[in-house]
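This report describes a few local features of one protein model, taking charge, strand pairing and backbone angles in turn.

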Amino acid sequence: MKNIFIIVLLVLTFTNNIGYARDVISITAKNLSSEYDANEIAGDKKYKGKRLLIKGVVDEVSKDIMGDVYVSLVGMNEMQVVQCYFEDGDKLDELSKGDVVLIEGECDGFLMVNVIIKNSKLIRN
């Protein structure tokens, strides 16, 4: 009976990991910014509403005019960034400009010149 339980547990764990990997798109901040700059409609079709795992270089850690905390990642040039919004600022005080980070969040599309990521989580810094 113990062996069956362990096998079922391993199968569930394995299938959950496969599902997770399939649901999250890995991309760099520069590539994401570049794809949106080339064609916003294609960018929305490919990324909007989807979970992304974004690797990038911190450009800024701040709050917007509404007090929402965000981390900007360097985009394809100095005018365009990937702006990742967080529910709270936990662990963001440890970040500095130039740090390489891994952030997971939901793509909300292109606003002005920035790609917007909502519900972000700092995975690694």
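Predicted model: local features only at pLDDT ≥ 70, side-chain atom pairs only at ≥ 80, totals over all residues.

Glutamate 94 is placed in the loop between strand S4, which covers residues 80–86, and strand S5, which covers residues 100–111.

Glutamate 94 also belongs to a negative surface patch, whose other members are Asp68, Glu87, Asp88, Asp90 and Asp93.

## Lysine 91 in the loop between S4 and S5

The loop between S4 and S5 also holds lysine 91, a residue that has a positive phi of about 70° although it is not a glycine. As background to that angle, most residues other than glycine have a negative phi. The relative accessible area of lysine 91 is 53%, so lysine 91 counts as exposed under the cut-off of over 50%.

## Strand S5 and its partners

Strand S5 is joined to strand S2, which spans residues 51–63, by seven bridges, and the two strands run antiparallel. Within this pairing, glycine 56 has valine 101 in S5 as its bridge partner.

Strand S5 is likewise joined to strand S6, residues 114–124, in this case by eight bridges and again with the strands running antiparallel. Here leucine 111 stands opposite asparagine 114 in S6, and S5 and S6 form a hairpin that has two residues between the strands.

## The turn between S5 and S6

Which residue in the turn of this hairpin has a positive phi? The residue is methionine 112, with a phi of about 65°, and this value is found although methionine 112 is not a glycine. Methionine 112 is located in the loop between S5 and S6, and its relative accessibility of 74% means that methionine 112 counts as exposed.

Methods
Residues numbered from 1 in each chain as written. Heavy atoms only, no water. Patch = residues over 30% accessible without salt bridge, like charges linked within 9 Å, V, L, I, M, F, W, Y side chains within 5 Å. Areas by Shrake-Rupley, 256 points an atom, 1.4 Å probe, with all protein chains shown as cover. Salt bridge = Lys/Arg side-chain N within 4 Å of Asp/Glu carboxyl O. Lys, Arg positive; Asp, Glu negative; His and termini not counted. Charge placed at Lys NZ, Arg CZ, Asp CG, Glu CD. Helix = DSSP H or I, 4+ residues; strand = E, 2+ residues; numbered from the N terminus. Pairing = 2+ DSSP bridges. Buried < 20%, exposed > 50% of the residue type's maximum accessible area, 1.4 Å probe, protein only.
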